[in-house]
Amino acid sequence: MIDKTKQRSTLKVNIKGVMSMTEISIGEKIARLRNDKNITQKELGKVLGISTDSVAMYELNESIPRDEVKKKIYHFFDVPVQEIFFEQ
């Protein structure tokens, strides 16, 4: 029997706008953007006014940023909010 909770084969759009067969989570998007800028979780936390633990929790999909933190994230990375926080 196949465990359907582990299947993630729906068609989604990744942060670069390229079609993909795997879903990219908000946390994965934040981690990719952070890594693209070559900054640490600690550095991102400082920019956003949050703890390193909060950044880690976002990237691990254990927590979702509050609205005011979301604004800081998309402003810092200079990307549309939809690109990070909404399915396209």
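**Entry 1: the chain as a whole.** I note at the outset that I am working with a predicted model. I looked up the secondary structure and found five helices and two strands in the protein chain, and reading from the N terminus the order is β-β-α-α-α-α-α. The chain has 88 residues, and 33% of these count as buried. For the accessible surface I wrote down about 6,200 Å², with 52% of it belonging to carbon and sulfur atoms. I also checked the contacts with a separation of 6 or more, and found that 39% of them are made by residues 24 or more positions apart.

**Entry 2: the core.** In soluble globular proteins, nonpolar side chains tend to be buried together, and I wanted to see how that looks here. Which residues have the most contacts inside the largest nonpolar core? They are Leu 44, Ile 73 and Ile 84, in a core of 14 residues. At least two core residues come from each of helix 1 (26-36), helix 2 (41-48), helix 3 (52-59), helix 4 (67-77) and helix 5 (81-85), while helix 4 gives the largest share, with three residues. I then followed Ile 73 and, leaving out residues up to four places away in sequence, found that Ile 73 touches Ile 30, Leu 48, Pro 65, Ile 84 and Phe 85.

**Entry 3: helix 2 against helix 3.** How do the axes of helix 2 and helix 3 cross? They come within 8 Å of each other and cross at roughly 110°, and because angles from 65 to 115 degrees count as roughly perpendicular, helix 2 is roughly perpendicular to helix 3. On the helix 2 side I listed Gln 41, Lys 42, Leu 44 and Gly 45, which meet Thr 52, Val 55, Ala 56 and Glu 59 in helix 3.

**Entry 4: two loop residues.** I looked for residues that have a positive phi without being glycine, and I wrote down Asn 61, at about 60°, and Asp 78, at about 55°. Asn 61 lies in the loop between helix 3 and helix 4, and Asp 78 in the loop between helix 4 and helix 5. Are they buried or exposed? Asn 61 counts as partly exposed, at 42% relative accessibility, whereas Asp 78 is exposed, with a relative accessible area of 70%.

How values were computed
Residues are numbered from 1 along each chain as its sequence is written. This is a predicted model: local features need pLDDT of at least 70, side-chain atom pairs count only at pLDDT 80 or more; totals for chains, interfaces and linings use all residues. Side-chain values use heavy atoms; hydrogens and water are left out. A nonpolar core is a set of buried Ala, Val, Leu, Ile, Met, Phe, Trp, Tyr and Cys residues joined through side-chain atoms within 4.5 Å. Buried means under 20% relative accessible area, exposed over 50%, partly exposed in between (1.4 Å probe, protein chains only). Helices (H or I, at least four residues) and strands (E, at least two) are DSSP runs, numbered from the N terminus. Contact means heavy atoms within 4.5 Å. Accessible areas come from the Shrake-Rupley method with a 1.4 Å probe; for residues, only the protein chains shown count as cover. Axes are lines fitted to C-alpha atoms, for helices over the stretch in contact, and angles run from 0 to 180 degrees between N-to-C directions. Angles under 35 degrees count as roughly parallel, over 145 as roughly antiparallel, 65 to 115 as roughly perpendicular and the rest as oblique.
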